[in-house]
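Reader: I would like to go through this model with you before I look at it on my own. Could you take my questions in turn?

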Amino acid sequence: MMEEQPYLLLQRYRRDRRNLLEFLFSSSLIKELRTPAGHVTSLRDLDFDNLSVDYILHSIKSGGVVDISEATKKYFDESSYPVMIQSQLGDSYFLLSDPDMSGSPPRRAPPPIDVNRTADNASYSSRQPDPLIVENIGASMDNFSPKYNATTCTPLSQVEDVNIPPLGLPCLNTACFHLLSPLIHTFRILEGLSDDDLQESAYEILLSSLVFSGIEVHTVEDRRKEKSSKFLSGLKTKREKINQQSQGRGRHSELVDTIRIQMQISEAMDACIRQRLTQLAGRRIWESIDIPKISLGLLNSVFKSDFLNEKSYIHWKSRQASILEELLYFSANLEAYERETIKSSLSKIRNSKEWDITMSPSERAEVLLPITQVELKLSSLSGKFSIQGETYCWTAGYHLNIRLYEKLLFGVFDVLDEGQFIEESNELLMLNKLTWCILGITQKMHNALYGWVLFQQGQMRLCY
């Protein structure tokens, strides 16, 4: 299951590795980029998960010419060998078993590894991880921690003892994972909602709950300008008045920035989403908000020019489409023609040439209109359990809502020190409570999920 603790470790490794590659490709260190089709200027089609970091670093040192075909070939060549670390004590590598306990090596040749890359097998691999692979992932990540000593190795049995059982939520319909090899760096997400997508969506929902509750949240740049204005203002008494009036809203903005840093959201994307949400809230077009309304509102008001690079925008737009697909397309309360309409509209949204170049803003609104009508139909349905304030989205999307709220709860722990609370943890929990009406969280559910997150953090510390 996706909630397993080794999966979280693996996702962190994958995210750090991808961030490194994105930094290298966006910098001026790479002078020339070559693909089988020739020279390219766009990086959106590159699969960072299948590129060799060592090859790219070596190419940068050798003049900055990177061949994508060679980087991919090197990546798969490296996957054939154990993970290694270069240190002053010599090269170290990781085994799947304890060499002292394994006895003599087998006299027969090992069987060939047949990697099946079909989507069905990929989905099965994500739900049924190999116990041996899980142990290896946990042990390898343990050895990379600051406490690692090259002369010792944590036994695999310790990692096996702290495996976290799955929460038991249904799998996301839009998530597809593929485990290509027992080695850590050959885990790849093919399509749909990834762990990073859930984290970014959870942050957007928190922002939405604040903005639509009438709480002002200013970006870092806005607060810099405000501080400059206060500095240039005249009398001390006037400055004190301004400080008293803005103290409350300033604290909310500081807390949101803390959450942004904890959840690794870029400052540029944060500023864009805050601005658009504030504009949507000012129009007062919705009596209540839910996740599909937020995605539809943002898709109708955010453009490619709002992002620093095209790749980030394409990823953001695809995430919004996947959220709508998860909550609306797979609903059991839709007619066949409504499902086909949503499918057609989402296909147009994902088509960059059609959505971002050909269509005008009014044509975009026409594409979103059928989805909006379906959302209004579903949101008007009554809840199943007669809970106060219950909406259709609470129960129909609970498997997604709980995952999103879990991401927010993880934000109260220090990302640099597993299991340690940050100083603002109590205040962040109070802010998270504003999302309850969107995600369908009750006090009992919060208590259970918070206890679950505390348990996971405690188990994570045992791994280190």
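Author: What follows is a conversation about the confidence, the overall make-up, the packing and some single residues of this model.

Reader: What kind of model is it, and which conventions apply?

Author: This is a predicted model, in which local features need pLDDT of at least 70 and side-chain atom pairs count only at pLDDT 80 or more, while totals for chains, interfaces and linings use all residues. Residues are numbered from 1 along each chain as its sequence is written, and side-chain values use heavy atoms, with hydrogens and water left out.

Reader: What is the mean pLDDT of the protein chain?

Author: The mean pLDDT of the protein chain is 75, and 66% of its residues reach 70 or more; pLDDT is the predictor's confidence in each residue, from 0 to 100.

Reader: And where does pLDDT stay under 50?

Author: One such stretch is residues 115-162, for which the model has 67 contacts beyond four places in sequence, a contact being heavy atoms within 4.5 Å. Another is residues 176-190, with 66 contacts beyond four places in sequence. Where pLDDT is low, the predicted coordinates should not be read in detail.

Reader: How many helices and strands does the protein chain have?

Author: The protein chain has 21 helices and 7 strands, where helices (H or I, at least four residues) and strands (E, at least two) are DSSP runs numbered from the N terminus. Of its 464 residues, 47% count as buried; buried means under 20% relative accessible area, exposed over 50%, and partly exposed in between, with a 1.4 Å probe and protein chains only. Among contacts between residues at least 6 apart in sequence, 73% join residues at least 24 apart.

Reader: Which residues touch the most other members of the largest nonpolar core?

Author: They are Trp316 and Ile349, in a core of 71 residues. A nonpolar core is a set of buried Ala, Val, Leu, Ile, Met, Phe, Trp, Tyr and Cys residues joined through side-chain atoms within 4.5 Å.

Reader: What does Trp316 touch, leaving out residues up to four places away in sequence?

Author: Trp316 touches Glu204, Met269, Ile273, Leu298, Leu299, Val302 and Phe307.

Reader: Changing topic, how do α13 and α16 cross?

Author: The axes of α13 (residues 310-329) and α16 (residues 361-379) come within 11 Å and cross at roughly 35°; axes are lines fitted to C-alpha atoms, for helices over the stretch in contact, and angles run from 0 to 180 degrees between N-to-C directions. The contact is made by Tyr313, Leu324 and Leu328 of α13 and by Arg364, Ile371, Glu375 and Leu378 of α16.

Reader: Where does Asn300 lie?

Author: Asn300 lies in helix α12 (residues 291-301), and with a relative accessible area of 36% Asn300 is partly exposed. Not counting residues up to four places away in sequence, Asn300 touches Pro361, Arg364, Ala365 and Leu368. The C-alpha atoms of Asn300 and Leu368 are separated by 7.7 Å, although these residues are 68 apart along the chain.

Reader: On to the backbone: what is phi of Gln264, and what about Arg284?

Author: Phi of Gln264 is near 60°, a positive value in a residue other than glycine, and Gln264 is found in the loop between α10 (236-262) and α11 (267-283). Phi of Arg284 is near 55°, also positive in a residue other than glycine, and Arg284 is found in the loop between α11 and α12. Gln264 is partly exposed, with a relative accessible area of 40%, whereas Arg284 is exposed, at 74%.

Reader: Last one, what does Ile402 touch?

Author: Not counting residues up to four places away in sequence, Ile402 touches Leu167, Leu169, Met445 and Leu449. Ile402 is placed in helix α18 (residues 398-410) and is buried, with a relative accessible area of 11%. Ile402 and Met445 are 43 residues apart in sequence and 9.1 Å apart in space, C-alpha to C-alpha.
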